[in-house]
Amino acid sequence: MSPESLSPTGADASARSTFGAGSGAPHAATLQDVAREAGVSLATASRVLNGSARKVAGAFRERVERAAEELGYTPNVSAQATARGRSPVIALLVADIADPYFGQIAAGVARGADERGLVVTISITERDQERENRILRALRGQRPQGLILAASRAESGDSGSGNSELEAFERFGGRVVTFGDASGADRNGNGGRSIVIDNAGGAEELGRRMAALGYRTAIGIGAAEGVRTSDDRLNGFARGFASDGGRVERIHRGDFRRESGAVAMTAALAEGVASGTLVFGMSDVVALGAMSAIRAAGREVGTDIAVCGFDDVSASGDVTPALTTVRVPLNEAGYQAFRAVVDDDWAQSDLPVEVVVRASTPGPSGTV
């Protein structure tokens, strides 16, 4: 056999050259490697793989795509952003990734991205306006197709630097989608779209159902005053509870974490909580924290102090007693948020909320 017959040719030769066979550590295939293997110019390879609007003849496109597959080439997202004016990325901002509320929203966004062959990046704001602004500024340079802001914002965040960053994001070609009420986009001061969840209506119906069970005194546990989601839920619950003779006698405030719910409930217990009182946690996570504090104080959840929440995260049905709550289709809300980013003619579909009465609110008579 001649020496020539042992020499690698075609894809084998390029692969050995690309991945450094026999010459040290391997390295990833580059666009130059693909162009050389396909026998085309670097510009042609870039137009095919980085999504340029300029057309490439079918035969050349097939050669480039085949070479890229053989070499295991992965397109450079930054190069794609330069060629297309945006990257194949959807940016999702959440307050706390450990909170199952945001986990379910993220799952819905990821479902939509998978259908379109896009990538989701997740950033955590911790509901800190300055942190959110820094993230938004950094994201502009990455040119994502759109931004989904799922973290609840305080009313004071509806103007000033927070709005400026969102407006700048849109000026650079990204679409902004927020979670809010029907007028959320206008109140945010930008042209972005808004996913509407009926926080006030769902909480109001919960309040009515609890009053109908016979509860007459309630304690609310919410976030700081001015945080829209918390305020809408607390105010809605108070209206519904009052419609049939109930009264929210006091509200303890903290944040959205389970630990905060426990601290608020501990403070309420120190002030005195009569048997038969109902506690409304403005989220299931907060309500679960309240339940742990009640048990730690030697009190019983349900027949002694009743507890209800909002969201219907998975843990709500697993605790004992199971938590009464308002079911929100969070996965579907995340999916619709994704569609709001990518569909020009998008219109929100219904996101119905539903009161789910469980054993944590048996009623003063002890019957759910």
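Hi everyone, a word on ground rules. The model is predicted, so local features need pLDDT of at least 70 and side-chain atom pairs count only at pLDDT 80 or more, while totals for chains, interfaces and linings use all residues. Residues are numbered from 1 along each chain as its sequence is written, and side-chain values use heavy atoms, with hydrogens and water left out.

The structure holds 3 cavities of 30 Å³ or more. By cavity I mean a set of points, on a 1 Å grid over the protein atoms alone, where a 1.4 Å probe fits but cannot get out; lining residues have an atom within 4 Å of a point. Volume is the space filled by probe spheres set on the points, which are joined across faces, edges and corners.

I'd like to show you the second largest cavity, with about 70 Å³ of space. Which residues lie nearest its centre? Of the 10 lining residues, those are Asp99, Tyr101, Arg127, Phe256 and Asp311. Helices α6 (100-116) and α11 (228-242) each supply at least two residues of this lining; helices here are DSSP runs of H or I with at least four residues, strands are runs of E with at least two, and both are numbered from the N terminus. By class, the lining has 3 nonpolar, 3 polar and 4 charged residues, where Asp, Glu, Lys and Arg count as charged, Ala, Val, Leu, Ile, Met, Phe, Trp, Tyr, Cys and Pro as nonpolar, and the others, Gly among them, as polar.

Now the charge pairs. The whole structure has 22 salt bridges, meaning a side-chain nitrogen of Lys or Arg within 4 Å of a carboxyl oxygen of Asp or Glu.

One of them joins Arg137 and Glu165 at 3.0 Å, N to O. Arg137 sits in helix α7 (residues 129-142) and Glu165 in helix α8 (residues 161-171), so this pair ties together parts 28 residues apart in sequence.

Another pair is Asp312 with Arg327, at 2.6 Å, N to O. Asp312 lies in the loop between β9 (306-308) and β10 (325-327), and Arg327 in strand β10, so the bridge links parts 15 residues apart in sequence. Asp312 is buried at 14%, whereas Arg327 is partly exposed at 35%.

Thanks, everyone!

Methods:
1 Å grid on protein atoms, 1.4 Å probe; cavity = no way out; pocket = protein on both sides within 12 Å on 5 of 7 lines; lining within 4 Å. Buried < 20%, exposed > 50% of the residue type's maximum accessible area, 1.4 Å probe, protein only.
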